Amino acid sequence: MVVAARPHFDAMRFRLFPSPMFFTLAFLHAYIGLRLLAPFGAVTQVLGVALLAVCLWLLPNSFRFREDRGAWAVLLPSLAVGFFSSLLVLTLLRDLSLVVSALALSPHGHDSWTRISAIAVMALTPAITAVGFFMARRVAPVVDVEVPLADLPAQLEGFTIAQISDIHVGATIKRNFVEAIVERVNHLGADMVAITGDIVDGSVRDLAQHTEPLARLESRHGTYVVTGNHEYYSGVHAWIHELRRLGTKVLLNEHVVLDHDGAKLTVAGVTDYSAHHFDRSHKSDPHAAAKGAPTDALKILLAHQPRSASAAAQAGYHLQLSGHTHGGQFWPWNLFVRMQQPFTAGLKRLGRMWIYVSRGTGYWGPPMRFGVPSEIALIRLVRSQPGRF
């Protein structure tokens with residue numbers, strides 16, 4: 001079976017190389033080479049062209065993972081995506097600076113800046129890639145978040161929720177990565193654990209052994225899960241069954257009422273904002289998730305995408321926990337998240353409702369997190385001043 005699969009893979013690679021995507025990538029690599037290497041001698045130019053050729057060869061490979069390849073054979077093409085992104089953005093910024101220097105500096109000063117700026121791009125790109133790789137692959141640090149709520153029952157003062165989100169178990173994130181997250185969460189001793197979607201990128205058959213450590217998450221009231229868009233890409237019904245088998249409570253437009261030392265707390269969860277495109281019965285509905293909940297109880301909503309916030313605020317929730325954005329994951333793409341989502345990261349207000357958006361506990365695509373660190377959020381409910389929400 002392996003022998004038969006190999007020619008098919010090679011044929012697919014042959015067909016993809018002359019695709020429009022490949023020619024676009026080739027053009028961009030040529031642009032980078034012409035702009036950065038012109039000020040230097042032949043040796044530097046040859047080395048630079050060789051490096052760009054390797055990057056160009058790796059990029060299409062990043063979209064075709066093979067599980068029978070070694071870890072670095074998968075990581076390197078993915079890392080090339082981040083390397084190329086930084087290289088292209090820095091080259092464009094350098095060209096803008098050259099326009100300014102041509103207008104503001106003497107010809108000699110402009111020539112000096114042309115060479116210095118090219119060296120700066122060549123040095124910064126691998127440095128950013130290395131730092132971003134380290135930040136992505138480390139165990140996510142804990143971020144403490146206090147949510148002030150008016151009229152919070154005394155029994156719920158200090159109630160803690162350990163939120164993990166967007167782990168993206170798949171081609172480059174495996175069992176040991178998940179085990180480290182579980183260990184860190186368990187050390188927090190939280191009252192409950194919330195997983196706000198995008199746990200996986202792949203089928204149950206391929207990834208069940210890598211998600212199995214989630215069964216060992218510990219908290220007083222258990223682990224609650226909502227689906228993200230990537231669960232729908234990966235076979236959502238099979239994953240719902242598997243996550244429930246692991247002992248988590250998957251909330252599909254429904255809620256549970258927790259009794260915490262005599263105080264009631266409603267924890268609701270909705271399917272992903274885009275779920276109806278995959279299964280009409282899974283249309284995300286914060287109002288339905290709260291139906292029948294005690295009217296006097298604090299209401300918390302788990303919703304993968306921040307875009308659920310408007311409907312959640314109308315439904316009377318006090319706090320929404322979300323993920324999806326990764327905080328942009330790495331510069332400069334974090335600057336564009338607001339074009340698709342109302343909130344990017346952190347604790348925000350929408351009317352009388354708080355929303356906390358996690359930057360994510362793993363990563364998706366390039367193993368890079370430059371300027372946007374991963375996190376495990378420890379949400380703590382605290383009482384605010386009387387009369388204020």
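In which strand is Arg-349 found? Arg-349 is part of strand S10, residues 346–350; strands are DSSP runs of E of at least two residues, and helices are runs of H or I of at least four, both numbered from the N terminus. The model is predicted: local features need pLDDT of at least 70, side-chain atom pairs count only at pLDDT 80 or more, and totals for chains, interfaces and linings use all residues. Residues are numbered from 1 along each chain as its sequence is written, and side-chain values use heavy atoms, without hydrogens and water.

Arg-349 is partly exposed, at a relative accessible area of 36%. Buried means under 20%, exposed over 50%, and partly exposed in between (1.4 Å probe, protein chains only). The side chain of Arg-349 reaches the backbone oxygen of Gly-351 at 3.5 Å. The C-alpha atoms of Arg-349 and Ala-26 are 45 Å apart. Along the chain, 323 residues separate the two.

Thr-223 belongs to strand S4, residues 223–226. Its relative accessibility is 5%, so Thr-223 counts as buried. Leaving aside residues up to four places away in sequence, Thr-223 touches Val-193, Ile-195, Leu-217, Thr-248 and Lys-249. Contact means heavy atoms within 4.5 Å.

Helices H7 (residues 204–211) and H9 (residues 236–245) also meet. Their axes come within 11 Å and cross at roughly 25°. H7 is therefore roughly parallel to H9, a term for angles under 35 degrees. Axes are lines fitted to C-alpha atoms over the stretch in contact, with angles from 0 to 180 degrees between N-to-C directions. From H7, the contact involves Val-204, Leu-207, Ala-208 and Thr-211. H9 contributes Ala-238, Trp-239 and Glu-242.

How values were computed:
Angles under 35 degrees count as roughly parallel, over 145 as roughly antiparallel, 65 to 115 as roughly perpendicular and the rest as oblique. A polar contact is a pair of N or O atoms within 3.5 Å; within protein, one must be able to donate a hydrogen and the other to accept it, and residues adjacent in sequence count only if both atoms are side-chain atoms.
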